[in-house]
Amino acid sequence: MKRITIAIDGYSSTGKSTVAKQLADYLDYVYVDSGAMYRAITLFALQKGFISESHFNKIALINSLEDISIEFRNDDTISVVEMYLNDKNVEREIRTFQVSEYVSQVAALSEVRKKLVTIQHQMGKNKAIVMDGRDIGTVVFPEAELKIFMSAKPEERASRRYKELIEKGDDITYEEIYKNVQERDLMDTTRKDSPLIKAEDAIEIDNSELNLEDQFHIILQLAKDRIVGRV
Ligand code: CDP
């Protein structure tokens, strides 16, 4: 069977990771959450004190990039993939609101993007991969056989993320999340290097009104069409 590359891009909290994971499980493909990689670098910068409320020492971060190792490791006992930063499991820490507040500034740095895109290319060299992010169909895998661009109303996205963080026990308000979602949309779409933009050949899906199951079946069908060569 033909092995394809599936690129899923879109705005923050559109549920890209959920559907990307479902697809990868179903097709027995590798799943890569590229956002987790940008989040891990942001966590590193916060831990080193390169980022504070009033200042971001970009040069210090850029000079430290060589010392950062980023790896997805598979926990076979529960069959989940988790993010490791310099050999430490940071899966929980990278999902905090504090990281969300700074990640788009870190992701705007070309040096950071260059390092991560190199790793992403390596992960995708044998195809059979589903990667989600902001620039996967445009920059990382412009030759991907299937490109999806996900969007949803900002209020819907903020309320999804709010539920997720509250369930995890974070102390956060809906208003803070809504503001963060909008700020990240703006920063991600207007940055110079690899802005979030729909690839010309991407299929746009607005999932404001779609449930997870319907969304999965729509995208799975698109993938199957490409795998068997119907498209
Ligand atoms: O919060 P959400 O799950 O929607 O975002 P994410 O996928 O974890 O990505 C976090 C941030 O990383 C984004 O807001 C972007 O600033 C950045 N990012 C990027 O620039 N390029 C990617 N391919 C993936 C994420």
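Biologist: How many residues surround the ligand, and which are the closest?

Modeller: Happy to start there, and please keep in mind that this is a predicted model. The shell around the ligand counts 19 residues. The closest of them are S13, R39, D135, R161 and D188.

Biologist: How far does a polar side-chain atom of R39 lie from an oxygen atom of the ligand?

Modeller: A polar contact needs two N or O atoms within 3.5 Å. R39 brings a polar side-chain atom to an oxygen atom of the ligand, and the distance between them is 2.7 Å.

Biologist: Thanks! What is the distance from the side chain of S104 to an oxygen atom of the ligand, and what is it for D188?

Modeller: Both residues reach the ligand through side-chain atoms. For S104, an N or O atom of the side chain is 3.0 Å from a ligand oxygen. For D188, a polar side-chain atom sits at a distance of 2.7 Å.

Biologist: How much of the accessible area of the ligand does the protein cover?

Modeller: On its own, the ligand has 530 Å² of accessible area. The share of this that the protein covers is 97%.

Biologist: Which element gives the most residues to the shell around the ligand?

Modeller: Let's look at the elements that give two or more residues: α2 (34-47), α4 and α8. The one that gives the most, with 4 residues, is α2.

Biologist: How many residues of that shell are nonpolar, polar and charged?

Modeller: Sorted by class, the shell around the ligand has 4 nonpolar and 6 polar residues. The charged residues number 9.

Biologist: Let's move on to a pocket. How much space lies in the second largest pocket, and which element gives the largest share of its lining?

Modeller: The space in the second largest pocket is about 180 Å³. Its lining includes F97, Y102, K179 and M187. Two or more lining residues come from each of α4 (97-107) and α8 (174-190). The largest share, 6 residues, comes from α8.

Biologist: And how many nonpolar, polar and charged residues line the second largest pocket?

Modeller: Its lining holds 3 nonpolar and 3 polar residues. The charged residues there number 5.

Definitions and conventions: Residues are numbered from 1 along each chain as its sequence is written. This is a predicted model: local features need pLDDT of at least 70, side-chain atom pairs count only at pLDDT 80 or more; totals for chains, interfaces and linings use all residues. Side-chain values use heavy atoms; hydrogens and water are left out. On a 1 Å grid over the protein atoms alone, a cavity is a set of points where a 1.4 Å probe fits but cannot get out, and a pocket is an open set with protein on both sides within 12 Å along at least five of seven lines; lining residues have an atom within 4 Å of a point. Grid points are joined across faces, edges and corners, and a volume is the space filled by probe spheres set on the points. Ala, Val, Leu, Ile, Met, Phe, Trp, Tyr, Cys and Pro count as nonpolar, Asp, Glu, Lys and Arg as charged, and the others, Gly among them, as polar. A residue is near a molecule or strand if one of its heavy atoms lies within 4 Å of it. A polar contact is a pair of N or O atoms within 3.5 Å; within protein, one must be able to donate a hydrogen and the other to accept it, and residues adjacent in sequence count only if both atoms are side-chain atoms. Accessible areas come from the Shrake-Rupley method with a 1.4 Å probe; for residues, only the protein chains shown count as cover.
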